[in-house]
Amino acid sequence: MSGEVSSTAPPRTPRPRRRTGARGLALGVGILATVLLATLLAPLYLPFDPLEANLPDQYLPPGTDGHLFGTDRSGFDIFSRVVYGARYDLLIALIAIAVALVVGVPLGLLAGYRGRATDTVISRLLDVFQAFPLLVLAIAVLGAFGRGIWITGVVIGVVSAPTFVRLVREQTRTIRDRMFVEAARCSGFTEVQIMRRYVLPANLGVIYTQAATSAAWAILLAAALGFVGVGVPAPLPEWGYMISTGTEGLTRGIWWTSVFPGLAIVLLALAFTLIGESLSRWADPRRRRSR
Amino acid sequence: MMDSRSALLEMRDVSVTVRGAGGEVPVLREVALDVGRGELVGVVGETGAGKSFTARAVLGLLPHGARRISGSVVFDGTELDTPRAYANLRGTRMGFVPQNPRLSLDPVFTVGSQLVAVIRRGRRMSRTHARKRGVALLTGLGVHEPERVMRSYAHQLSGGLCQRVCIAIALANDPELVIADEPTTGLDVTVQRQILDLLRSQLVRDGRGGLLITHDLGVIATWCDRVAVMYAGRVVAIGPVADVLREGHPYAHGLKGIAVALEQGVEPVAIPGTVPTPGDRIEGCAFAPRCAVATDLCRADDPAPRPYGDQLVRCHHPVADAQLPAVGHPTRSEEVEV
Amino acid sequence: MPGDPAKIFAGSQATDTAIAAIRAQFGFDKPLGVQYLDYLAGLARGDLGTSVRTGHGVLDDLTGRFPATIELILAALIVALAIGVPLGVAAGASARRGVERFARGVSTLGVSIPEFWLGLLLIVVFYSSLDIAPAPVGRLDIGVPAPDGVTGLITVDALLAGDLEVLGNAAGHLLLPALALGLPAAAPIIRLSAEATASLLRSDHLFYTRAIGTPPHVVYLKHVLRNIAPIVTTMTALIFGFLVGGAVVVEEVFAWPGVGLYAIDSLHYNDYAAVQGFVLLAAAVYILLFLAVDLVNTYLDPRKRLT
């Protein structure tokens with residue numbers, strides 16, 4: 001045939017622009033900053049000691065005698081404990097993310113950059129690891145190693161690491177063969193230098209996004225562990241543990257002991273989720289999860 | 001010109017906009033064309049000229065974010081202004097042949113089940129009966145082993161075979177109008193010829209109308225009766241194929257030059273400049289910046305359609321055959337790639 | 001390791017000789033490495049060891065409790081899919097911003113709510129306050145006999161036996177835990193099916209399907225659902241991991257006698273054989289599920305079939 005006017009396909013409708021997610025980011029960061037400030041400045045303004053039991057004041061409903069959220073079985077002021085509790089859950093999330101990054105990112109870089117045998121070994125390990133549901137694994141490990149803030153954070157970090165390995169590996173594979181990496185390789189940079197200067201920066205968007213999302217998971221996981229009694233030891237005001245002790249009066253209509261710590265969990269997890277979602281849209285608006 | 005009473009399809013000044021980054025962007029601007037019974041009308045233009053939007057506007061299936069802001073589509077005397085008006089039209093009185101048949105047939109159903117569904121939508125009959133009719137249709141379109149084809153999925157068939165299935169689907173309910181959107185893109189030349197011969201014979205034989213959208217002037221010259229040339233969302237010339245390509249709108253003439261050059265194996269002379277993309281600010285005639293005969297009038301005033309012989313052209317200075325430089329020979333020193 | 005299971009098992013009044021005897025019985029007196037090798041040897045024979053808490057074989061304990069967990073997870077899966085898929089398809093198909101925003105909001109909130117806390121909220125509202133749900137203990141009211149049946153899923157067995165009274169009772173007990181577990185799981189399903197639908201609606205074949213006159217309800221109920229089915233089965237497998245984990249805490253909240261509750265109770269008794277058995281069971285179920293999903297997807301997507 002002759003006379004091709006043009007050989008490309010007819011026009012596609014431009015896809016409507018996605019929102020940049022600035023509002024979600026602002027909301028998430030706002031919540032996080034408020035929680036952080038509230039819990040750090042807690043000693044300055046809280047009228048009750050979160051670790052001071054007062055049995056005669058057991059199960060006071062919210063609003064009685066200055067107990068904003070009421071009191072629990074031991075007469076602990078729930079508001080104080082919820083505010084203080086943020087420290088432990090935030091600390092656990094921080095430790096977990098740090099561990100997940102330290103373990104996951106190098107492995108992902110290595111698997112993605114080296115490929116071949118290294119990649120195969122790391123990928124198979126991932127498959128085996130991911131056959132175990134996260135929470136189940138964390139419960140089993142903590143059951144064996146005992147309880148505490150640090151060990152909880154480390155365990156959550158370890159079970160979160162595979163996600164980082166997988167994401168960083170995929171991203172690294174896509175940029176490995178690009179021109180600038182090739183050029184760097186030819187000009188005699190060592191592997192570590194190339195990774196630090198070229199490969200790692202290209203991964204940062206993915207890493208930040210996943211860090212925020214994993215922080216939300218860490219909060220939820222820490223709460224679940226506290227709830228089943230293998231997380232932070234009593235009587236520290238960890239939210240999951242508070243909910244678990246609070247369930248005792250539940251069927252008698254004492255709801256405030258478990259509802260308020262739960263709201264705190266939702267609020268903090270929501271903040272991290274919002275930040276993660278906004279970052280993912282900012283990092284790559286076309287990022288799609290498909291098979 | 002067709003007598004408007006006997007026109008099967010008429011688009012009257014249809015304008016369509018798309019919601020874009022900077023507001024509403026026009027993609028069709030007062031598109032007017034008509035298709036009579038027993039004729040095949042071609043729509044030709046470069047990428048971005050609005051060909052596919054024209055097909056979609058006729059089908060009443062504009063994509064998300066696009067909307068018809070004015071004008072009307074009249075089919076057999078009925079104005080198609082609401083989704084309801086289209087309800088029993090598509091697949092029955094209005095057939096459609098897609099651009100990429102292998103990607104257009106639903107990959108998770110057999111092509112036979114899709115053909116059967118269309119047949120049964122046209123008239124009530126049992127599945128077995130519809131299947132028989134489907135096999136007969138495919139046989140009539142020169143498909144060998146129609147039973148096996150019916151049981152296959154699109155990915156198991158060649159592009160040409162898929163296109164025959166799509167033509168069978170388009171013709172299943174004896175439609176009065178068939179719209180074909182680049183039906184032969186991606187098919188090799190022999191298959192392309194077969195498909196277009198098939199389409200044309202099926203249409204003209206039974207007095208049906210056809211709208212053939214393509215970017216290939218050769219296809220238009222060989223198979224169409226009339227042609228509408230689109231440029232920047234407008235129909236700039238419409239009329240009998242030979243007339244439009246011979247004289248009238250300078251753009252149509254330029255296209256013809258390229259086509260002829262390619263046919264003769266000569267380096268074609270590209271029309272200088274580039275096509276405006278939707279959203280570009282257009283003052284006066286959209287083609288003026290690239291036009292050899294443009295004047296100040298062209299740059300200031302957008303020409304309304306006016307008769308020129310048997311054509312209707314949007315041009316202030318339609319050119320007669322004699323006035324134009326001979327086609328196929330370079331006339332400018334700077335040559336731009338097509 | 002914290003706590004000595006033999007001491008716990010023997011009770012606080014036990015003599016040292018009694019504890020030593022128990023140690024010998026369970027093999028706790030051997031070095032840890034030897035204990036582990038013994039365990040692996042048993043595993044190869046299909047023996048998961050003996051629970052110090054119940055005194056039964058771990059495998060028997062797990063098989064007896066497994067149907068309760070499966071019933072809970074399946075019910076939660078139904079809840080998650082029944083809410084997630086329609087909402088996701090609607091969000092993906094709607095041209096209106098509001099629908100998309102609503103679905104995104106719901107799914108953002110959904111991933112931020114702990115299942116066990118949602119379970120507690122449901123108990124507070126539907127049991128403590130409104131008193132329309134049964135007491136959050138177990139799978140049936142006390143005194144209601146469990147139906148004989150092959151599946152071990154009380155609702156299914158009752159249905160098969162035609163016992164509507166037991167069915168109603170069992171369904172009542174199942175509803176709140178299934179909601180607590182299933183609602184948060186709907187969040188990722190909403191998101192993924194919305195994305196799948198949106199990209200499907202931009203595809204050539206869906207445009208063609210409409211262009212040849214397929215009525216809208218057929219487009220959505222037949223073509224869209226059938227096209228996103230492989231994606232839905234894949235995400236079902238992905239959220240299954242979350243459901244297994246979530247089931248542990250939800251079973252704790254509702255005293256649901258499944259393997260999760262068994263694992264947590266065993267944990268409090270330092271009953272490691274039981275906990276390990278549970279972890280292995282969860283992993284085995286997970287692997288089998290992924291295998292099943294691959295098979296189902298091969299069936300659902302003709303392009304993956306070998307011809």
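The UniProt annotation "transmembrane region", from an unreviewed entry, covers residues 72-93, 105-127, 174-194, 228-250 and 278-300 of chain C. The model you are looking at is a predicted one. Chain A carries the "transmembrane region" label too, again from an unreviewed UniProt entry, and there the record lists residues 25-46, 90-113, 125-143, 149-168, 215-234 and 254-279.

**Annotated spans in the model**

- In chain C, residues 174-194 are 100% helix and 0% strand, with 29 Å between the end C-alpha atoms.
- Residues 228-250 of chain C are likewise 100% helix and 0% strand, and their end C-alpha atoms lie 30 Å apart.
- In chain A, residues 149-168 come out as 100% helix and 0% strand, with the end C-alpha atoms 28 Å apart.
- Residues 25-46 of chain A are 91% helix and 0% strand, and here the end C-alpha atoms are 29 Å apart.

**Where chain C meets chain A**

- Chain C gives 35 residues to the contact and chain A gives 39.
- On the chain C side, the elements giving two or more residues are helices H5 (97-110), H6 (115-129), H8 (164-201), H10 (216-253), H11 (259-268) and H12 (272-300).
- That side of chain C is made up of 26 nonpolar, seven polar and two charged residues.

**Helices H6 and H10 of chain C**

- Packed helices are described by the angle between their axes and the distance between the axes.
- For H6(C) and H10(C), the angle is about 30° and the axes are 8 Å apart.
- Because angles under 35 degrees count as roughly parallel, H6(C) is roughly parallel to H10(C).
- The two helices, H6(C) and H10(C), cross in the right-handed sense.
- From H6(C), Glu115(C), Phe116(C), Gly119(C) and Leu120(C) meet Gly246(C), Val249(C), Val250(C), Glu252(C) and Val253(C) of H10(C).
- The residues of this helix contact divide into five nonpolar, two polar and two charged.

**The sheet in chain B**

- Chain B has an open sheet of eight strands with mixed pairing, in the order E6-E7-E8-E3-E9-E10-E12-E11.
- Its edge strands are E6 (94-97) and E11 (306-308) of chain B, each pairing on one side only.
- From one strand to the next, the twist averages 20°.
- Strands E7 (residues 177-181) and E8 (residues 209-214) of chain B pair in the parallel sense over five bridges.
- Ile179(B) has Leu211(B) in E8(B) as its bridge partner.

How values were computed
Residues numbered from 1 in each chain as written. Chains lettered and ligands numbered in written order. Predicted model: local features only at pLDDT ≥ 70, side-chain atom pairs only at ≥ 80, totals over all residues. UniProt positions renumbered as here; feature names shortened; annotations may be inferred. Helix = DSSP H or I, 4+ residues; strand = E, 2+ residues; numbered from the N terminus. Contact = placed C-beta atoms within 7 Å. Nonpolar A, V, L, I, M, F, W, Y, C, P; charged D, E, K, R; others polar. Axes fitted to C-alpha atoms, helices over the stretch in contact; angles between N-to-C directions. Parallel < 35°, antiparallel > 145°, perpendicular 65-115°, else oblique. Left-handed = near helix turned anticlockwise from the far one by under 90°. Pairing = 2+ DSSP bridges.
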